[in-house]
Amino acid sequence: MRRPTQAHLAGTAALFLLLAATMPATTVAVVSSEADALLAWKASLVNATALSNWTQATPVCDWDRVHCNNESAVVELRLDTLGLSGGLDTLDTVAFPALAYLDLSINHLGGAIPASISQLRSLKSLDLSYNGFNGSIPPQFGDMPSLGDLDLSRNKLVGNIPRQLCRLISTRILRISHNQFSGELPNCWCNLRSLEVMELSSNRLIGKLPDCWWNLEALQQMHLANNSFSGEFPAATVSHNCSLITLDLSQNAFVGAFPLLDGCHSLVGLDISSNRFSGSIRPQLGDMLGLFIVRLYNNSLVGNVPHQLCRLLLIGNLDLSDNLLAGELPDCWCNLKYLVFMDLSNNRLTGKLPNCWWNLKALSFMDLSNNSFSGKIPAAVASYNCSLRSLYLTGNGFVGAFPPVLEGCNLLTTLDLGNNMFFGVIPPWIGSQVPMLRILSLRSNNFTGEIPLGLSQLSQLQLLDMSNNSLTGSIPIGFGNLTSMRHPKNVSAIDKLLWGKYNDRLGIIWKGRDQTFRGTIRLLAGIDLSNNFLSQCIPEELTNLQGLRFLNLSRNHMSCRIPQDIGSLSFLEILDLSSNQLFGNIPQSITQLSGLNTLNVSNNLLSGKIPIGNQIQTLTHPSIYSNNSGLCGFPLNISCATTSLAPDERNGEEEDHWMYYCVIAGIVSGLWLWFGMLFTIKSWRCGFLSFVDGMQCKIMKKL
């Protein structure tokens with residue numbers, strides 16, 4: 001009996017020894033498997049130079065961007081912003097049972113997102129944003145119970161959002177914005193009760209939001225902008241535990257009354273712009289005392305601006321533009337002392353601005369344009385420190401002199417006072433006290449007097465519109481020194497990124513139509529002084545402004561000739577010199593304006609042959625040159641053979657004719673003088689006759 005027992009003990013001991021011998025080998029195999037899996041994936045990448053120290057000679061836990069736990073298992077791969085190119089299909093995810101964080105954001109990875117990612121059972125955070133992944137979200141992502149943070153934003157993903165994502169009940173952050181997802185949200189979306197951040201913006205999602213929406217009581221940030229959601233936005237009542245901090249519903253097709261957000265007292269940012277909301281602004285909005293950003297523009301909101309908004313003492317950005325709001329602003333409006341951006345444009349607001357208006361000392365952007373405001377612009381107290389950068393008052397009924405409050409606004413870059421009833425002279429201090437002006441529009445007012453010479457000091461000025469006033473005198477020669485108009489504008493990539501809702505914009509007459517320029521306005525440089533009483537010559541110095549894209553001096557009393565170097569304005573697209581008293585020929589240099597597409601020199605005293613060639617040959621409408629009695633040639637049906645030439649063209653011929661006349665007159669005068677002397681002086685006459693007789697005798701002898 002002992003031998004079987006001894007054999008059993010011996011076998012048991014051997015088994016223990018075998019297990020003891022194989023345990024370290026198993027640990028090594030796991031580590032080796034992770035290294036092999038990462039090296040195999042690295043080998044599949046097109047560009048992996050940033051992973052140069054990923055080699056067999058180095059332990060995997062010492063590799064760049066690889067983090068391990070105490071058991072030497074890989075738990076984090078932080079591989080963002082490395083310029084990696086390739087895909088994920090060769091990554092053996094089974095080799096990483098402990099991986100909790102995978103960050104591959106801001107690379108150049110592409111292809112489909114493999115379903116094998118769902119085998120990372122310990123994964124808590126997955127970030128594949130800012131890449132080029134395509135295809136759809138694998139439904140298997142719903143089988144990742146530990147996933148708390150999923151970011152697939154800014155890729156090229158398509159298709160519906162899979163219903164399986166509703167099983168991610170532990171997920172706190174879901175970012176899938178800036179893709180091409182379509183269809184409606186799954187009905188089970190309200191199951192995501194742990195969700196704190198939801199970013200679905202900039203996709204092609206449609207349909208109504210489910211009525212159970214406010215079951216998402218943990219939600220703090222909701223971004224649904226730039227989709228095609230429709231219907232009424234679900235109401236939040238006091239029975240809901242609203243945790244929202246930011247709500248962005250902009251650029252959708254929501255309808256109905258202003259969203260009911262009772263109980264959302266933590267709200268800091270609210271954007272419902274560019275929808276179809278109607279009705280009035282809810283007074284309860286004033287109870288959200290932490291609001292800093294309120295954007296309600298481009299809806300159909302009506303009624304007065306509720307005085308309860310004056311309680312939003314922390315608000316810094318308020319945009320109510322492009323609605324149907326009416327009535328006067330509440331008297332308490334001056335309480336909003338932290339307001340930096342205010343846009344009330346394109347409504348039906350009336351009345352005068354309160355005298356305390358400039359208590360709004362933080363204002364940088366102010367747009368009241370296209371309303372029915374009236375009265376004078378309030379004066380500021382002596383201690384007022386102007387922080388304005390952009391001021392738009394166009395399209396109202398403001399009266400009075402040029403606003404004195406602007407003296408000393410040395411940060412002001414855009415000033416639009418157009419289409420009001422301001423009067424008096426333009427102050428001479430505008431060139432020295434508002435030195436940063438880039439855009440100045442005073443059109444369609446009642447300004448009088450001469451154009452101040454100080455405007456020539458505005459080195460940043462690129463757009464000047466003083467049309468439709470009663471200005472007199474001449475165009476300042478100093479305009480030729482306007483530095484920013486001397487060179488064409490280019491918009492950098494950074495500038496394009498920075499352009500948004502609150503950038504400079506201006507309505508100008510462009511190709512005969514009133515057009516508002518926004519993002520492209522930095523490319524424009526131009527002068528419009530039309531419909532005034534300006535006189536004298538067009539300064540030759542204006543031809544130094546080679547960055548001009550439009551020049552309109554029409555309907556004035558300008559005289560003299562068109563500057564001979566007009567062709568040096570090589571970027572000019574629009575030139576209007578009509579309805580003046582210009583005379584002489586049209587300079588041949590005008591044919592050098594290769595971008596010219598709108599020209600009008602009608603109703604002047606021009607004469608001579610119309611220049612031909614290059615771009616001007618395409619401007620074929622006779623009205624361009626009409627009512628100039630001396631002009632001839634194409635496109636007018638007037639032959640130059642039957643028309644008197646312009647003085648410049650006649651000049652050469654007249655000089656030749658006078659030369660001929662002088663020579664003939666000299667010859668005739670000489671002959672008369674010689675013959676006169678011959679017949680009045682006896683000795684000369686006898687000598688001459690003797691000479692003739694002698695010559696006659698010689699000829700006869702020869703004959």
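Is C190 buried or exposed, given its relative accessibility? In this predicted model, C190 counts as buried because its relative accessibility is 4%, which falls under the 20% cut-off.

**Disulfides of the model**

The structure holds 9 disulfides, among them the pairs C190 and C212, C310 and C332, and C334 and C356.

| Disulfide | S to S distance | Torsion about the S-S bond |
|---|---|---|
| C190 and C212 | 1.9 Å | about 80 degrees |
| C310 and C332 | 2.0 Å | about 75 degrees |
| C334 and C356 | 2.0 Å | about 80 degrees |

**C190 and C212**

The torsion of about 80 degrees makes the disulfide of C190 and C212 right-handed. C190 sits in the loop between strand 11 (180–183) and strand 12 (197–199), while C212 belongs to the loop between strand 13 (204–207) and strand 14 (221–223), so the bond ties together parts that are 22 residues apart in sequence. C212 counts as partly exposed, at 24% relative accessibility.

**C310 and C332**

With a torsion of about 75 degrees, the disulfide of C310 and C332 is right-handed. This pair links distant parts of the chain, 22 residues apart: C310 is in the loop between strand 21 (300–303) and strand 22 (317–319), and C332 in the loop between strand 23 (324–327) and strand 24 (341–343). C310 is buried at 4% relative accessibility, whereas C332 is partly exposed at 24%.

**C334 and C356**

The disulfide of C334 and C356 is right-handed, given its torsion of about 80 degrees. Because C334 lies in the loop between strand 23 and strand 24 and C356 in the loop between strand 25 (348–352) and strand 26 (365–367), the pair ties together parts 22 residues apart in sequence. C334 is buried, with a relative accessible area of 4%, and C356 is partly exposed at 26% relative accessibility.

Notes: Residues numbered from 1 in each chain as written. Predicted model: local features only at pLDDT ≥ 70, side-chain atom pairs only at ≥ 80, totals over all residues. Heavy atoms only, no water. Disulfide = S-S within 2.5 Å. Helix = DSSP H or I, 4+ residues; strand = E, 2+ residues; numbered from the N terminus. Buried < 20%, exposed > 50% of the residue type's maximum accessible area, 1.4 Å probe, protein only.
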